Number of protein chains: 2
Amino acid sequence: MARSSKITIRDVAARAGCGVATASRVLNRSGATSADSRERVERAAAELGFSFSAIGRALQSSRSMTVGVLVPSLANPVFAEAVQGTQEELRDAGYQCLIASSTYDPARDAEALGVLTAKQVDGLIVTMVAPEESPALGAARTRDIPAVLMFHDPRAGLLSAHVDNAAAAREVARQCAAAGHRATGFLALRFSTSDRSRARFTGFTQGCAELGMAAPVLVEVSEAEAASPDALARTLAAHPDLTAIFASNDFLAIALQRAARELGLRVPRDLSVVGFDGIEIGRHLDRPLTTVETDPEAMGRQAARLLLAMLRGETPEQPAPLPFTFRPGATLAAPAEDRDDDRAATRSPSAHPDQNPSLKRT
Amino acid sequence: MARSSKITIRDVAARAGCGVATASRVLNRSGATSADSRERVERAAAELGFSFSAIGRALQSSRSMTVGVLVPSLANPVFAEAVQGTQEELRDAGYQCLIASSTYDPARDAEALGVLTAKQVDGLIVTMVAPEESPALGAARTRDIPAVLMFHDPRAGLLSAHVDNAAAAREVARQCAAAGHRATGFLALRFSTSDRSRARFTGFTQGCAELGMAAPVLVEVSEAEAASPDALARTLAAHPDLTAIFASNDFLAIALQRAARELGLRVPRDLSVVGFDGIEIGRHLDRPLTTVETDPEAMGRQAARLLLAMLRGETPEQPAPLPFTFRPGATLAAPAEDRDDDRAATRSPSAHPDQNPSLKRT
DNA sequence: CTTCGCGCTGGAAACGTTTCCATCGAGGGC
DNA sequence: GCCCTCGATGGAAACGTTTCCAGCGCGAAG
C-alpha cells in the first residue's frame, strides 16, 4: 500500500490540492480552516497513510517530546519498576522515554547524560552514582534542561522523588529493639555505589543509638560473595554475636537467610533478618520476608509528574518523601534464649573475624 | 559558562572564522581539512561547549540512531533484563533505546509502534501480545523499518531472539517422568496474553504424551488469584490428584508453593513444582526452585545484534534458539507413596472442582 | 609560460515541520 | 456603492545538520 519512502506533509498538501500551511493547520487542528479543505486534507492524509515526522517537528519547535531517564540498571527490579511508572505517567502526557543505564559506573553516567542531551530531550529523570558531583548534570541544567532526581534525597537545588531512607532505617531499628535485639548488623555491598544504602546505614545507626542499642556492625560483602551462599555463610560466621541483621535490600536479605541456613541457624529464632524495598516475591516465600516496603513505581510516577510540571513552566515544590511501610513478615522475632549455644555449636571453625577484611565497626 | 540557548555549528564556524561546511568536516572527521582550520574549529567548539544536535542530524540523514524497543512491561524482570541487554549491545554501536511498554494490551502495542515509527526509529525490537496479527508491525515493515522479535518464536518472515519454549517444556515433562510423576498440571494465568506460555503448555502436553503420561491438566488462574495465597490454595485443592505442577513462570511457581503449604502439602514430597525463566531469586530460596533457566539478557543482546546487522544492510540468518538449562533445584522429587492420604486429610472441604471455572482438561 | 590537477573551502540545497505574514475574497455596516 | 473587517489560504523562513558542487590557489608537469 504505502510507498516505502516517507510520506511528508507536502505529499498530503499536494494530494489535497492546498498548501502545506493549510495541511498543517488541519492536521494539527490549529488555526482556522474551511470545512471543505479540512475534509480534503483529512482524506488525503488517510489515503496516503501519513503520519507526522517527530524529527521535523522537534527541529522546528525545539521540543522533542522525549525525556531522558537514567538509572543504574534495569536488571534491578526496583529501578525497572520505577521506570515503568515514569513511562506510564509520561506517556499519558504524550512524552516518550529515552532510557540509559550506567551499570553503576559514574563515567557511564556522564556519558549517558551527554548523549541524552544531544538527543535534545526535553527533561531528565536521573538516578546516578553521585548526582551532586556530576558536571554533566550541571551542564544539562545550565542548558535549561529541567531535571529531577529519583531515589536520591533532594539536593543541590534539584527536586527528587524519594523515600526517606534514614527514617525507614530508624523504623527498622525501632522494630529490632521492640523485638528485644541489642546486637545488630547492617549488610551491604562493599564499595556500595548507592547513597541510598549509605543513608539507610546512617539512619539505622542513629536509630540504634537513640534506642540505647549498640551501634550496628557494618558487614560489607562483594557482589561475588553475595551470590555465593558459602562465601556469605563464611562472612556471617564471623559475626556470631549478632542477633539481627538489617540487609540493605531484599535480595541480600534472602541470600543472607540461605547463608544462615547453611550455618545451621534458624531464622528468625537464631537470627532475625530484615530487608529493604519490599519486592513482591518476598511476600510469597515460605517465611515471608520482614522488610520495609516502598513503591518504586509510585516514585517513578512522582518523578514524572514533577518533571511534567516543570515542562509546563511551573516551579513545583519539593514534595514530601513517599511513604514506606514496615512489613512485619516472619523473619524478625525475639532472639531465642539459648541461641548462643546453638550458634557456637554450628559455627564454622574456619572463621577468624580478625582476618576478615569486610568486618568494620562504625 | 555556556549561553543557555543552543550553540549550533554555525556559531562554531563563525568563531573559527570558516564556513559551516568546514566546521562540519572537521568535527565529523569527514572530508579533507587543513591542519590550520582543524585546529581553529576544534578550539572554537571546545570554547563554546558545542555538541551536535542529534535532531538536526537525524533530519538531514534520516537516521535517528535510535531504536524502538517494545515489551509488555518493565515490571516483569524477565523483560527488564532483556531490555538491559539490548541496551548495552546497542549502546556500543552508538544507538539509544526508545522504550515503550504495552502492559499486555494489544491496543497499546499498536499505539506504541505508531509513536515509535513517528519518532523515526531506525529499527524495532518487539515483544508483543500478537505480533502476527499486528497491522502496526506490518505497517512499520512496509516502511522499511527493520524489525526483530524477542521471546517469540520466529514467524511471518521476522527473525527472533528466543528460546525454544516447547523444547524446554518437553524437557520438563521428561524430568517429571523420570521422577515418577504421572498426573501433572500446568499452571498459567488465565487469558494469558503470552504466546510463550501457550508454547510451553503445548510442549509440555506433547512431552507428556511422548512419555506415556496423562495429558497435563491446565490450571488457569487470574492475576488476583495468583497474588492471593488463599485463592490459589482453593484452586489447587480442586486438583488433589496431581503430583507435579509445571508453572508457566517462576513467580507462579513460588506462589504455588506458598499455596501448597497453606493446604498442608509439603513440596516436593506431596507436590512437585517446576518453574520457568530461572530468575535469580529462585536459587536463594531455602528450597531452591526447580526451573528452566533462560538468559533474558542474552536474548536482548542477540536481538540487538540481529537488528544491528540489518541496520548495516546485511540479511542475517535466523539464529538457533538460545540455550536453556534445566536447573534441578529442590522442588521436584519422586512423589511420596503415602501422599494421597495426606492430601485427602488436609484438603479444603470447600473445594468443588465442578464449580471451578478455571479447571479445564485439554 | 601555460595548463592541469588537487587540496581545501564555503555557499546552498535538502531533510519535514510550524508559523509569520501577506494576500484574497466575501460579507456587512455605513 | 464603498470600505472595512475577518476568515481562509499559501508562500516562505526558520530550526541544525550534511553534502554536493563550484571555485580558489598553488604546485607540478609539459
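A phosphate oxygen of DNA strand C lies 2.9 Å from an N or O atom in the side chain of Arg57(A), a polar contact in the sense of a pair of N or O atoms within 3.5 Å. This is a predicted model, in which local features need pLDDT of at least 70 and side-chain atom pairs count only at pLDDT 80 or more, while totals for chains, interfaces and linings use all residues. Residues are numbered from 1 along each chain as its sequence is written, chains are lettered from A and ligands numbered from 1 in the order in which they are written, and side-chain values use heavy atoms, with hydrogens and water left out.

Of the atoms of DNA strand C that come within 4 Å of the protein, 62% belong to sugar and phosphate. The residues of this surface divide into 10 nonpolar, 13 polar and five charged, where Ala, Val, Leu, Ile, Met, Phe, Trp, Tyr, Cys and Pro count as nonpolar, Asp, Glu, Lys and Arg as charged, and the others, Gly among them, as polar.

The two protein chains can be compared next. Chain B can be laid on chain A with an RMSD of 0.1 Å by a turn of 180 degrees and a shift of 0.1 Å along the axis, the copies being superposed by least squares on the C-alpha atoms of residues with pLDDT of at least 70 in both. That is the relation of a two-fold axis. In chain B, the C-alpha of Leu98(B) is the nearest to the axis, at 2.3 Å.

Within chain B, 10 of the 14 residues of helix H8(B) are buried, so this helix is largely enclosed by the rest of the structure; buried means under 20% relative accessible area (1.4 Å probe, protein chains only), and helices are DSSP runs of H or I with at least four residues, strands being runs of E with at least two, numbered from the N terminus. Among the buried residues are Asn165(B), Glu171(B) and Cys176(B). After H8(B) comes Gly180(B), whose phi is positive, near 100 degrees.

Definitions and conventions: Buried < 20%, exposed > 50% of the residue type's maximum accessible area, 1.4 Å probe, protein only. Near = heavy atom within 4 Å. Polar contact = N/O pair within 3.5 Å; in protein donor to acceptor, adjacent residues only side chain to side chain.
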